[in-house]
Amino acid sequence: MKSLDQAIHDKLWSVSAGFVGNDNVFEYRPMTETAYPFIDFQDFQTNFGSTKNGLTATASATINIWDTEDSRKNVSNICNDLIQQLVTIRDFYGYPVALKMNGTNFTITKDTTVKPYIWRGLINLEFIV
């Protein structure tokens, strides 16, 4: 069986690939030219707790969606649609997982450190296991 964070990673990868294609999902921000839009993974965190009935966990993940200067709407749509799809998934490779909505959010910013400018959607996801 996969570890919890690996199960979340792998499920996020497969869901993300549905929006941008498998070749445009990355473990880290690519240092070479790549096609837009693309998604990269930033951080994963798992916190464990115990109850009298067993182990509990919360897990969080941060991912980035990137697209060109004229594609802000596409970044917004991918952020929203990805969250909407994750809400419906209840099993991540054998783990009963639910998206915690009050811990999930996204921010869209314009990256002006490059020309032409690009849009970044920063999604913070929180899961209850």
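Arg29, Pro30, Met31, Thr32, Glu33, Thr34, Tyr36, Phe38, Trp66, Asp111, Val114 and Ile118 line the largest pocket of this structure. The structure is a predicted model, in which local features need pLDDT of at least 70, side-chain atom pairs count only at pLDDT 80 or more, and totals for chains, interfaces and linings use all residues. Residues are numbered from 1 along each chain as its sequence is written, and side-chain values use heavy atoms, with hydrogens and water left out.

On a 1 Å grid over the protein atoms alone, a pocket is an open set of points where a 1.4 Å probe fits, with protein on both sides within 12 Å along at least five of seven lines; lining residues have an atom within 4 Å of a point. The space in the largest pocket comes to about 270 Å³. Its lining has seven nonpolar, two polar and three charged residues; here Ala, Val, Leu, Ile, Met, Phe, Trp, Tyr, Cys and Pro count as nonpolar, Asp, Glu, Lys and Arg as charged, and the others as polar.

Two of the lining residues lead to the aromatic rings. Rings of Phe, Tyr and Trp (its six-membered ring) pair if their centres lie within 6.5 Å; planes under 30 degrees apart count as stacked, over 60 as edge-to-face and the rest as tilted. The whole structure holds six aromatic pairs. In one of them, the ring centres of Tyr36 and Phe38 are 5.5 Å apart and the planes are at 40°, so this pair is tilted. Are these two residues buried or exposed? Buried means under 20% relative accessible area, exposed over 50%, and partly exposed in between (1.4 Å probe, protein chains only). Tyr36 has a relative accessible area of 33%, so it is partly exposed, while Phe38, with 5%, is buried. Tyr36 and Phe38 also belong to one aromatic cluster with Phe26 and Trp66. The peptide bond from Tyr36 to Pro37 is cis, with omega near -5°.

Asp40 lies in strand S2; strands (E, at least two residues) and helices (H or I, at least four) are DSSP runs, numbered from the N terminus. Asp40 is buried because its relative accessibility is 1%. Leaving aside neighbours within four places in sequence, Asp40 is in contact (heavy atoms within 4.5 Å) with Phe26, Tyr28, Arg29, Ile63, Asn64 and Trp66.

Next comes the nonpolar core. In soluble globular proteins, nonpolar side chains tend to be buried together. A nonpolar core is a set of buried Ala, Val, Leu, Ile, Met, Phe, Trp, Tyr and Cys residues joined through side-chain atoms within 4.5 Å. The largest one here has 31 residues, and those with the most contacts inside it are Leu12, Leu86, Phe92, Ile123, Leu125 and Phe127. At least two residues of this core come from each of helix H1 (4-20), strand S2 (38-51), strand S3 (54-68), helix H2 (72-88) and strand S8 (118-128). H1 gives the most, with seven residues. Not counting residues up to four places away in sequence, Leu86 touches Leu12, Val15, Phe92, Leu99, Leu125 and Phe127.

Phe92 and Phe127 are both buried. Their ring centres lie 5.5 Å apart with planes at 65°, so the pair is edge-to-face. Because Phe92 lies in strand S4 (residues 91-92) and Phe127 in strand S8, the pair ties together parts that are 35 residues apart in sequence.

Technical notes
Points joined across faces, edges and corners; volume = space filled by probe spheres on them.
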